[in-house]
Amino acid sequence: MSRAACLVAGLVLSAGPVRFAAADIHVSPTGDDAAPGTADRPLRTLEGARDAARKATGAGGVTVWLRGGTYPRAGTFELSALDSGTAAAPTVYRAAPGETPLLLAGRVVRPDEARPVSDPAVLKRLPEAARAKVVELDGKALGLKHLGPWPDLVADNGGVVEVHFDGRRLPLARWPNDEPATMKGVLDPGEGKGPGAAGGTFEYRDDRHAAWPDDGVWLTGYWRVPWQIETVRVKAVDREKRTVTLAKPVAGGIGSKFARPNGSGKEPYWVVNLLEELDHPGEWCLDFPTGKLYLWPPADLRAGSLVVSDLAEPAVAVRGASWLTLRGLTLEGGLGDGVAVAGGRGVLVAGCEVRGFGRSGVVVAGGEGHAVRSCDLHHLGDTGVVLEGGDRPTLTPCRHAAENNLIHHVGEVKRVYAAGVNAGFPPRVAVGARVANNRVHDAPHAGVLYGGIDNVLELNDVSRVCLVSDDMGGLYTTHDWTSRGNAVRHNFVHDSPKAHGVYLDDGDSGDAVNGNVFFKVDTGVFVGGGHDNLVSGNVAVDCKAGAHVDARGVARGYNAGNKTLVGRLRAVNPDKAPWKERFPNLAGILDNHPELPTGVSFADNLFVRCGKGVDRRAKADELRFVAFGKNLEVAADPGFVAADRLDFRLVPDAIPYRELPGFKPIPLDRVGPQPDEYRPVVPPAR
């Protein structure tokens, strides 16, 4: 229907104020941007559809229908305030019914572009078993931009290309292939600062180090703690002394901080991106001097899809737009984020699949009322969904939401502090965000990271997290007296033995942790020395401890001299409105034993077959401001509906209802994703 026809229809059908019919614009990979954008004569590109939609906005809500097929993205698809709709009639980009449009932000490599290796010098460096298997891709001839080299110190992928086969990220060549090597001993931690500072020196165990070249070698390691990982160039290998010296210092120096000065002898590391270690199908290596990629294909390249990620910017960027929806789209294969939303109001990303990006799936920064709902986000280098917004000093909420999503296999590149959802984890801030009904699993570190004020984290199913690093939580926050009013309730955290269920680390304060269920985690609720944390009505089953509290602030100096805690406190003016009214306990915190856990309580919690109930890791006098109410410890099934099927709801006459006066039913039947218009059928948990 033409715009004029839409206007006529609106006038004829409307008995009151004029209501215009929505405009439909069609786009297809086989279309033509000179076409009118009708169903039978679609446009070809997203930019063409966007320009047509901008001209049609006078007709009310505009829907751009994307037909099935691949839309190659060599650059970001930009949407701005010019693309805004209204609350009643949003602008919508969505998949045509029954079709799958793919926004592909990577370079597809044809089988004929992968050639046998012919350079004798390269063949000599490759392991013998790989020489007839490895193929060569000329990155410069493919038009790739991000061919390195890495800097001396790398915290993620160093900004170079990544390789995917049939939608899965392929690993860089490394040694060892599985379990890491370990340092034999630290000779110099390398803690200097400044441009000329030397890296650490350690003694190695395996003679394999002596066979590596003198230049172009990088090691990836958890050099001092299991939540800090860096890739560092090797400056020198002393084959007589059996030592490695790194080119740059890592933060804090190498060697376990718990076993200084010589380290523990267990610090793990791997050599990465080295031709000599390209010894396994699926591995690849980028030769920085030549820009050539060497790949041992995981299967016949003619039988699958080989894609190289090279777009460092977001595949889709929504900046300053309001009332705009992305629905049912598939995005794949960029080096950066999948979707980035900044400013504006009411942007909705719904029913989309976002996979194979080097950074995060969807990043929301600023604005108001944006939502990521019923999406599948997986095999990502960093985080699934990032929410940031609201104003901390004025307590103005952002009202962002991550709801009903399936999020898994995150942190494939950034192995620490990369979670299923990040809602305001420092240095980000979220005020008034909601993280609900998500299923998060298979993450090397945290499941959900959060921080800020008045956030709600509820009804999430979190499992198989902390697969690599420990001292982390299924839901985790840290180091902020002002991160208050967060409700952590009715979540199910399970099958993550290295993780604490909910972890309020290093003085974090003011959260209510209520009605969660923890199964086979380390500790159910871990309170690390903070204030005003209320822990009630939780169930912990088969955990080392049901809960934990300590007074770490005594040894770590959580007092007026603590720059981080006090700096965040002073930034919000706790003795003035609105903070004084909303959080009255905060104004006098420095005068009320800030080093001790004050205002903390544990009551009405159920601990089943746990090694301990509430593990009190402090002197009794240091816990004198902690209230320990009635908590129940039992060794037998207290009345679960079906514990063998992970149904930890309680039957009406279960023991806790009789023994714990404040215990309330936990709505486990509503945990995790629920059917809705964007996802009519929820796949079963695996």
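Let's start with strand S43, residues 461-463, and strand S46, which pair in the parallel sense over three bridges. Strands here are DSSP runs of E with at least two residues, helices are runs of H or I with at least four residues, and both are numbered from the N terminus. Two strands count as a pair if DSSP finds at least two bridges between them. In this pairing, Asp461 stands opposite Phe492 in S46.

S46 also has a partner in strand S49, residues 517-521, again running parallel, with four bridges joining them. Ser496 sits opposite Val521 there. So how enclosed is S46 by the rest of the structure? Largely, because four of the five residues in 492-496 are buried. Buried means under 20% relative accessible area, exposed means over 50%, and partly exposed lies in between, with a 1.4 Å probe and protein chains only.

A word on what we're looking at: this is a predicted model, where local features need pLDDT of at least 70, side-chain atom pairs count only at pLDDT 80 or more, and totals for chains, interfaces and linings use all residues. Residues are numbered from 1 along each chain as its sequence is written, and side-chain values use heavy atoms, leaving out hydrogens and water.

On to confidence. pLDDT is the predictor's confidence in each residue, from 0 to 100. The protein chain has a mean of 94, and 96% of its residues reach 70 or more. Residues 1-21 are another story: pLDDT is below 50 there, and beyond near neighbours in sequence the stretch has 14 contacts in the model, a contact being heavy atoms within 4.5 Å. Where pLDDT is low, the predicted coordinates should not be read in detail.

Now the whole chain. The secondary structure comes to seven helices and 60 strands. The radius of gyration is 27 Å, close to the 26 Å that the globule rule gives for 686 residues, so the chain is as compact as a globular protein of that length. That radius is taken over C-alpha atoms, and the rule is 2.2 Å times the number of residues to the power 0.38. Of the 686 residues, 57% count as buried. Among contacts with a separation of 6 or more, 69% come from residues 24 or more positions apart.

Two bridges join S8 to S9, residues 135-138, and Pro116 stands opposite Val135.

Cys375 counts as buried, at 0% relative accessibility. For Cys466, the nearest is that of Cys543, at 13 Å, and Cys466 is buried too, with a relative accessible area of 2%.

How values were computed: A disulfide is a pair of cysteine sulfur atoms within 2.5 Å.
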